[in-house]
Amino acid sequence: MHDVVIIGAGVSGCAVARELSRYDMDVIVLERASDVCEGTSKANSGIVHAGYDAEPGTWKALLNIQGSRQMEELSKELDFPYRRNGSLVLCFEESDRGKLEELLGKGKKNGVGELRILEREELFKLEPNLSADVAAALYAPTGGIVCPFGLTIALAENACVNGVEFRLNTEVRKVWKMEDMEDRENAGKKNGYRLETSQGVFEARMVVNAAGVYADVFHNMVSAKKMHITPRKGEYCLFDKTVGDYVSHTVFQLPTKYGKGVLVTPTVHGNLLMGPTAEDIGDKEGTNTTGGGMEDVLKRGGLSVGSVPAGKIITSFAGLRAHEDGGDFVIGEPEDAEGFFDVAGIESPGLTCAPAIGKYVAELIRKRGNFPKKENFVSKREGIPSTALADAARRQELIGENPAYANVICRCELVTEGEILDAIHRPLGATTLDGIKRRTRAGMGRCQAGFCAPKTVEILARELGRDMGEISKAGGESRFLTGPDRK
């Protein structure tokens, strides 16, 4: 029996796993996808929110501030991209200035530092491409941007190095309390939970429910107090790096009941990102993009910035936010399910909050089991070296260590074979094209893998000892090669 089973290897589940790996306990993460970071965590804005818009006293407000303050140090410790670029919330009508004042007041109550309201003259010095309709803005210098997959993968790799087991391609189908099981050996005699999965049965003293839009399903299996999560779809447009400096800050609009609205932001990798829309849907797998969604993003984003460079869009994507009916995160044990820890309803600002969520939930579990700290915990992790970002001396050093660093595979992002090999052979290494993409950026450039995909598939097959027909884009049946002998 495991001490803890974590359902879901998104950013919240991986943050909890990493914090639990500090202690002497048996922890396993069950993930239905072929890789970590395959759900909400891979398709979001990549924003580290300052914390001014959450209602004071909520989980969102408390954990946002804590997570934001932890992110910079964590990025240095685990070697993932993060930048504090500051954020702006735009006001377009003088009559709405009071709403900026309200946000300023909330931010101060939540503990956000350095907040102030900027007038047009100062605003346009900071961001000359803003729309001429902008009247004023709330400025939050502590806002930042982060690579969402970089953060999630770093947390997972560090947890793995410190002894957490990850079972990928393992879908949890049913969760029982041991005490409620009928006609089974030891029913009613053991505390804990039994989980039926696509890869067999697992038992654990405690469960962390970090299953994203499916967290309500597992919660409702063990608790009489039911939860309901609505998938809220958000569509985005990603622009080429040639317009990556179109804005330097993250530019928001005044929030509505559906969230923070369409934002315009640089990314840590030098692109420009615009989105998301907000559409409540019934399909927990509904990540399709639409022509209407792209039009909506461009139209609403155009309220914030002038002359939107639509001709520079290189791709669009959609993600699902897990909106719980109560509007706040649900964290902790239900009254009637001791040892079952919900990490549910983790919508925006969930990415920002993840480090703080991990610490809080891990401490609850540590106290419950009285687990001692490990003496040999490895706190630091070194990421994959980037030849594109390295100076000439570092490139020569890498090539001297392995000539594969001289073989460019992805021309758009200047990703080499050496980086792809590292992505495959490191802890929780990549086994799919998307796994390589999220770890190295091969395929994320202007041609969107049109040039590098065949070579990357070939390298994956060679290094994993598989037939090229077995290599997939994102696991399952998403294979590249088909034919009479390949189904």
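A residue counts as buried when its relative accessible area is under 20%, as exposed when that area is over 50%, and as partly exposed in between. These classes are used throughout the walk below, and the model they are applied to is a predicted one.

The side chains of Glu-463 and Arg-462 meet in a salt bridge, with 2.8 Å from N to O. Elsewhere, salt bridges that share partners join Arg-18, Glu-19, Arg-22, Glu-77 and Lys-359 into one network.

How many salt bridges does a search of the whole structure find? The search finds 40. One of them is formed by Glu-122 and Arg-116, whose closest N and O atoms are 3.0 Å apart. Glu-122 is partly exposed at 34% relative accessibility, and Arg-116 is partly exposed at 37%.

Another salt bridge is formed by Arg-446 and Asp-240, with the closest N and O atoms 2.9 Å apart. This pair links distant parts of the chain, 206 residues apart. Arg-446 belongs to the loop between helix H11 (433-440) and helix H12, while Asp-240 belongs to the loop between strands E13 and E14 (250-253). Asp-240 has a relative accessible area of 8%, so it counts as buried.

Next come the aromatic rings. The structure holds three aromatic pairs. A pair of aromatic rings is described by the distance of the centres and the angle of the planes. For Tyr-193 and Phe-340, the ring centres are 5.7 Å apart and the planes stand at 55°, so this pair is tilted. Tyr-193 is found in strand E11 and Phe-340 in strand E20, so the pair ties together parts that lie 147 residues apart in sequence. Tyr-193 is buried, with a relative accessible area of 2%. Phe-340 is buried too, with a value of 0%.

Strands E11 and E20 come up again with helix H6, which covers residues 215-222. Which residues of H6 are buried? They are Ala-215, Asp-216, Phe-218, His-219 and Val-222. Seen down the axis of H6, these buried residues fall within an arc of 165°, so they line one face of the helix. They pack against strands E1 (2-7), E10 (172-177), E11 (193-197), E12 (200-209), E13 (229-239) and E20 (340-344).

A further strand is E18, residues 313-324, which contains Arg-321. With 17% relative accessibility, Arg-321 counts as buried, because the limit for that class is 20%. Arg-321 and Gly-212 are 109 residues apart in sequence, and their C-alpha atoms are 7.9 Å apart in space.

The last stop is on the surface. Which residues form a nonpolar patch there? They are Met-468, Phe-480 and Leu-481, which together have about 220 Å² of accessible area. Leu-481 lies in the segment after helix H12 (453-464). Its relative accessibility is 32%, so Leu-481 counts as partly exposed.

Conventions. Residues numbered from 1 in each chain as written. Predicted model: local features only at pLDDT ≥ 70, side-chain atom pairs only at ≥ 80, totals over all residues. Heavy atoms only, no water. Buried < 20%, exposed > 50% of the residue type's maximum accessible area, 1.4 Å probe, protein only. Helix = DSSP H or I, 4+ residues; strand = E, 2+ residues; numbered from the N terminus. Arc of directions from axis to C-beta. Contact = heavy atoms within 4.5 Å. Patch = residues over 30% accessible without salt bridge, like charges linked within 9 Å, V, L, I, M, F, W, Y side chains within 5 Å. Areas by Shrake-Rupley, 256 points an atom, 1.4 Å probe, with all protein chains shown as cover. Salt bridge = Lys/Arg side-chain N within 4 Å of Asp/Glu carboxyl O. Phe/Tyr/Trp six-rings, centres within 6.5 Å; stacked < 30°, edge-to-face > 60°.
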